[in-house]
Amino acid sequence: MTTPALRLAVYPGSFDPITRGHEDLIRRAKSFADRVIVAVAVNVAKQPLFTLEERVALILQAVEDPSVEVRSFDGLLADFARMAGATVIVRGLRAVSDFEYEFQMALMNRNLAPGIETVFLVPAFDLTYLSSSLVREVARFGGDVSQLVHPAVQKALRQKFGK
Ligand code: PNS
């Protein structure tokens, strides 16, 4: 009898910062993967609010689960996922507006790493509107983000914006 291969999911993103929506997706990924690696992109398109080290530290505080690994990656996601031995790349789909970009990215990643499937997960209903950019904006102007992020993230946002 052969032992079934372990299913390793890579969940990539900017996580600037991690939100309750990301946390929800990590939980969902764990339901079908043996191991989950949260992969934090070093080079994000825009200047991030949090440094790479801060983003990683906040994920570790928000997730606190030994079966979830947090790693940073530079360069192509497809290369990182292949090197890590991933079988799936997990991405969240919140709204139709996410679809085109996500679809392009999934096709490109399949082109670059044919053995790895992208799996789209739908977040909890009350988290569908949530994004890191909205959280940053609300926090920047002193709005309440306590329902949207882990307390450690809320504190880090307050410190960033001197509130
Ligand atoms: O949280 P985000 O900003 O939507 O995450 C986007 C991310 C980091 C997953 C994407 O930009 C990415 O994979 N960047 C790494 C570089 C890469 O592989 N680009 C080609 C993607 S097809």
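Visitor: Where is Glu64 found?

Guide: Glu64 is found in the loop between α2 (52–63) and β3 (68–73); helices (H or I, at least four residues) and strands (E, at least two) are DSSP runs, numbered from the N terminus. This is a predicted model, in which local features need pLDDT of at least 70 and side-chain atom pairs count only at pLDDT 80 or more, whereas totals for chains, interfaces and linings use all residues. Residues are numbered from 1 along each chain as its sequence is written, and side-chain values use heavy atoms, with hydrogens and water left out.

The backbone of Glu64 has a positive phi of about 45°, although Glu64 is not a glycine. Most residues other than glycine have a negative phi, and most peptide bonds are trans. With a relative accessible area of 68%, Glu64 is exposed (over 50%; buried is under 20%, and partly exposed lies in between, with a 1.4 Å probe and protein chains only).

Phe15 also has a positive phi, near 50°, and is likewise a residue other than glycine. Phe15 belongs to the loop between β1 and α1, and at 2% relative accessibility Phe15 counts as buried.

The ligand is surrounded by 13 residues, the closest being Ser14, Gly75, Leu76, Leu77 and Arg91; a residue is counted if one of its heavy atoms lies within 4 Å. Leu77 has a backbone N or O atom at 2.8 Å from an oxygen atom of the ligand, and for an N or O atom in the side chain of Arg91 the distance is 2.9 Å. Taken alone, the ligand exposes 540 Å², of which the protein buries 71%; the areas come from the Shrake-Rupley method with a 1.4 Å probe. Two elements give two or more residues to the shell around the ligand, namely β1 (8–13) and α4. Helix α4 supplies the largest share, four residues.

Asn109 is found in that helix, α4 (residues 96–112). Asn109 is buried, with a relative accessible area of 10%. Not counting residues up to four places away in sequence, Asn109 touches Leu77, Ala78 and Ile89, a contact being heavy atoms within 4.5 Å.

Terms used
Polar contact = N/O pair within 3.5 Å; in protein donor to acceptor, adjacent residues only side chain to side chain.
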